[in-house]
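Trainee: I would like to go through this structure in questions and answers. Please put it up first.

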Amino acid sequence: MSAAIDNIIAEGDESAVMIQKVIRGRQGRRSEYLLKKRAAVKKAHDQSANVQIHGISRGSHGRNKVSDARSQELAAIRIQALQRGRSGRYCMARKAGDVVLTQSMIKSGLKCHGRHPITLRHAYLQLELAGMGLKSIDTLQSYCHIMYLNLSDNAIESLEVLSKLPTILDLNARRNNLTKCLDFSPPRCSAANAWSMGHTALGSMLVNADLSDNSISRMGDLSHHPFLETLILGKNAISSIEGIQTLKFLQVLDLSNNNLTFIGGLDNLRIRELNLCGNQIQTLHGLESIETLCVLDVSNNKIACLAPLRHCKNLSHLDVRRNDISLIRQVEFLRDLQWLRTLIMMENRASSKPYYRYCVIRTLPSLLCLDRTTVSTEEQILAANLFEDEGGDVESRKRVFEKFFPNERFKNFSPTFCNSEDDIDMTQVERDDNKLEKALRSKRLHTPKEMMKFILTEGLVNATENETGVHLY
C-alpha cells in the first residue's frame, strides 16, 4: 500500500516538474520576445533620433559651408576684378609707353650684389628694366651705384637722367624712342669744381653702349664718353659719321641699316670691327687710315670697287655681298692682305660668272672660307690647274703618264681659263687715290655730294656708270 502511494507521489512530482518546465518555457520565450522587441524599438528610436540629429547638424553645417563658399567666391571675384583692372591698366599703359618707373619696379630688377669697385661699398650693380613700357626713368637718379643697365624694349625718349649715374659701364637701350645719341654727360672734375666735387665728379666711364633700333638721326659729339669701346647704332636714321674722332679706345662700331652714303670721320681710330651693312654707301674711301681693322661688313650697299681695302693690312673677315661688284678682278686689290681668311662676295654680278670661285681662290690662296663654304684642297689644285700655275698636279700627272706609257704623248684635257676682263691699272688707281686724298686733306670736300662731284669732274678711273646710275669705286 505504501509502495503504491510512493509511486503516485513520484508521478505527481514528475507531472509537476513537467508542468513547471512548460510554464517556464512559455514565460521565457515570452520574456525573451519582449526583451528583443523592446531592444528593437529602442534601436529604431535611437536611429531615428540620430538621423534627426545628423540631419539637423548636416543642414546647419551645409548651410554654413555654402555660405562660407559663397562669401569666398564673392571675395575672389572682387580680388580678380581688382587685379584685372590693375593688369589691364598696366598693360594699356605699357602698350602706350606711359608707364612711370616706380621703386618696386627697380627693386624687382636689381641683380648682382657685390662690392662696388669705385665706392668700395656693397650694393646691387646690375638693373634689368627691359620690356616694361617705360617712358620716364627719372627715378633712377638716386641709384648712382648701378654699373650694368638694361633699358631695352621700352618707350624712353631721353637718357639725360643717366648723368646722375657716373659709374655705368654697360648700357643697353635698344628698341626705344631715342632721338639723340648718348645725350648725358656725368660731371667731370676740373679746375673749377675740384674742391667741391672732385671726389664724385668722375666723368663718364661708359664702355659698351647699344642704342640700336631707335630714331637717332645724328650722332653728335661723343667726346664726353672717352672710354667707349663698343658702340652699336644699327637701325637708326644716321646719315653721316661724326663726333667719334676722340674715342681712342673704340674697337667695335655698328652703323648698319642707316642712311649713310659716305664713310668719313674714322681717321686715327683703332677700330677692329666695323659694320656698315644695309646703307647706301658707294665708295670705300675713308677706310684707308684704319690700320687695325680686322672685321668689315659692307654688305647690301652700292659698292663697285675694293681698291681702298688694299691699305687695311690686318683685315681677316670681309663681307661685300649684295653690292655692285661686276669684275672678279676686284679681288686683286686684296692680294696683299696676308691675314684675310674669310671672304663673302656672293649675290654680286661677279659671283655669277664662270669659274668665279676658282678665280678668287687662285688670286687669294690664303683664303679658308669663300661665300660661307670652306675652301678645300681639291679646289686649290683645280684653280692652279685652271691657270696653269705652280701648285697644280699637271706635272705630277705628266710624270706618272710618261712612266707607264713612255711611247705616248701626254695631253692635258683640263680646260685653260681665258680671262676676258681688262687688267686693272694699279698706277692709275694710285694716282687717283693720291689726288682724292689731297682734296680731302685740303678740306675742299666736306660732304658726300662734293666728293662725288669732284671724282666725276676730275675724270677719275674710280668712277663707273651702270644700270643703276653713277657708282663710285
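Trainee: How much of the protein is buried?

Mentor: This is a predicted model, and its protein has 473 residues. A residue is taken as buried when its relative accessible area is under 20%. On that basis, the share of buried residues is 38%.

Trainee: Which residues does Leu266 contact, leaving aside its neighbours within four places in sequence?

Mentor: In general, nonpolar side chains tend to be buried together in soluble globular proteins. The contacts of Leu266 beyond those neighbours are Ile241, Ile244, Leu253, Ile271, Leu274, Gly286, Leu287, Ser289 and Ile290.

Trainee: Is α4 mostly covered or mostly exposed, and which of its residues are buried?

Mentor: Six of the eight residues in α4 are buried, which leaves the helix mostly covered. The cover over these residues includes β13 (342-344), β14 (369-370), β15 (373-374) and α5. The buried residues are Tyr356, Arg357, Cys359, Val360, Ile361 and Thr363.

Trainee: Are α4 and α5 roughly parallel or roughly perpendicular?

Mentor: Arg357, Tyr358, Ile361 and Arg362 of α4 meet Glu379, Gln380, Leu382, Ala383 and Leu386 of α5. The axes of the two helices are 9 Å apart, and the packing angle is about 90°. Angles of 65 to 115 degrees count as roughly perpendicular. Therefore, α4 stands to α5 as roughly perpendicular.

Trainee: In which sense do β2 and β3 pair, and which residue in β3 is the bridge partner of Lys111?

Mentor: Strand β2 (residues 110-115) and strand β3 (residues 122-128) are joined by five bridges, in the antiparallel sense. One of the bridge pairs is Gly114 with Ala123. For Lys111, the partner in β3 is Gln126.

Trainee: Which residue in β5 is the bridge partner of Gln126?

Mentor: β3 also pairs with strand β5 (residues 148-150), and these two run parallel with three bridges. On the β5 side, the bridge partner of Gln126 is Tyr148.

Trainee: Which residue in the hairpin of β2 and β3 takes a positive phi near 60°?

Mentor: Most residues other than glycine have a negative phi. The hairpin has six residues between its strands. The residue there with a positive phi near 60° is Leu120.

Trainee: Where is Cys112 found, and is it buried or partly exposed?

Mentor: Cys112 is found in strand β2. Its phi is near 55°, a positive value in a residue other than glycine. With a relative accessible area of 43%, Cys112 is partly exposed.

Trainee: What is the relative accessible area of Glu347?

Mentor: Glu347 is found in the loop between β13 and α4. Its phi is positive, about 60°, although Glu347 is not a glycine. Glu347 is partly exposed, with a relative accessible area of 45%.

Trainee: What distance separates the C-alpha atoms of Leu169 and Ile146?

Mentor: Leu169 is in the loop between β5 and β6 (170-172). Not counting residues up to four places away in sequence, Leu169 touches Met147, Tyr148, Met205, Leu206, Val207 and Asn208. Leu169 and Ile146 are 23 residues apart along the chain, and their C-alpha atoms are separated by 8.7 Å.

Methods:
Residues numbered from 1 in each chain as written. Predicted model: local features only at pLDDT ≥ 70, side-chain atom pairs only at ≥ 80, totals over all residues. Heavy atoms only, no water. Pairing = 2+ DSSP bridges. Helix = DSSP H or I, 4+ residues; strand = E, 2+ residues; numbered from the N terminus. Buried < 20%, exposed > 50% of the residue type's maximum accessible area, 1.4 Å probe, protein only. Contact = heavy atoms within 4.5 Å. Axes fitted to C-alpha atoms, helices over the stretch in contact; angles between N-to-C directions. Parallel < 35°, antiparallel > 145°, perpendicular 65-115°, else oblique.
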